[in-house]
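Take a look at the fold below.

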Amino acid sequence: MIKIAFFDVDGTLLRLGHKELSANTVAAVLRHYGFSKDEAIAFGDGHNDIEMLEAVGMGVAMGNAKDEVKAKADFVCKSVEDDGIYHYCIENKLIF
């Protein structure tokens with residue numbers, strides 16, 4: 001069950017994270033809240049997000065991400081312009 005999410009998606013109003021969100025930062029946040037890697041999901045679209053996507057149980061690249069980012073992700077959702085995070089969360093019953 002996903003309990004925490006990390007976002008670093010340019011061009012959206014929802015932004016939890018930061019341009020240099022590293023695996024160490026993700027690990028520290030997970031430890032702080034008592035969550036395992038498998039309880040975390042991350043959404044990203046830039047090269048700077050690859051480390052974050054790999055540091056969680058489910059790394060989701062946005063449809064508008066570069067191919068290098070998509071290759072490192074566990075899943076590719078719709079683009080930012082198509083509300084990819086929203087649709088991914090609805091389809092995976094993370095929100096209702």
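Two aromatic pairs turn up in a search of the whole structure. Keep in mind that this is a predicted model. Phe43 and Tyr88 make an edge-to-face pair. Their ring centres are 5.5 Å apart, with 80° between the planes. Phe43 sits in strand 2 and Tyr88 in helix 4, so this pair ties together parts that are 45 residues apart in sequence. Both Phe43 and Tyr88 are buried.

Phe75 and Tyr88 also pair. Here the centres are 5.3 Å apart and the planes meet at 55°, so the pair counts as tilted. Phe75 belongs to strand 4 (residues 75–76) and Tyr88 to helix 4, so the parts tied together are 13 residues apart in sequence. Tyr88 has 5%, so Tyr88 counts as buried. The cut-off for buried is under 20% relative accessible area. Phe43, Phe75 and Tyr88 together form one aromatic cluster.

Now follow Tyr88 into its helix. Helix 4 spans residues 84–91, and its buried residues are Gly84, Ile85, Tyr88 and Cys89. Why do they share one side of helix 4? They cover an arc of only 130° around the axis, so they fall on the same side. After helix 4 comes Lys93, which has a positive phi, near 55°.

Next, the cores. In soluble globular proteins, nonpolar side chains tend to be buried together. The largest nonpolar core has 13 residues. Those with the most contacts inside this core are Val26, Ala42, Leu53, Val56, Ala61 and Val69. Which elements give two or more residues to this core? They are helix 1 (23–33), strand 2 (40–44) and helix 2 (50–54). Helix 2 supplies the largest share, three residues.

Finish at the loop between strand 2 and helix 2, where Asp49 is found. Is Asp49 buried or exposed? Its relative accessibility is 1%, so Asp49 counts as buried. A polar atom of the Asp49 side chain lies 2.9 Å from the backbone nitrogen of Asp45.

Notes. Residues numbered from 1 in each chain as written. Predicted model: local features only at pLDDT ≥ 70, side-chain atom pairs only at ≥ 80, totals over all residues. Heavy atoms only, no water. Buried < 20%, exposed > 50% of the residue type's maximum accessible area, 1.4 Å probe, protein only. Helix = DSSP H or I, 4+ residues; strand = E, 2+ residues; numbered from the N terminus. Arc of directions from axis to C-beta. Core = buried A, V, L, I, M, F, W, Y, C linked by side-chain atoms within 4.5 Å. Polar contact = N/O pair within 3.5 Å; in protein donor to acceptor, adjacent residues only side chain to side chain. Phe/Tyr/Trp six-rings, centres within 6.5 Å; stacked < 30°, edge-to-face > 60°.
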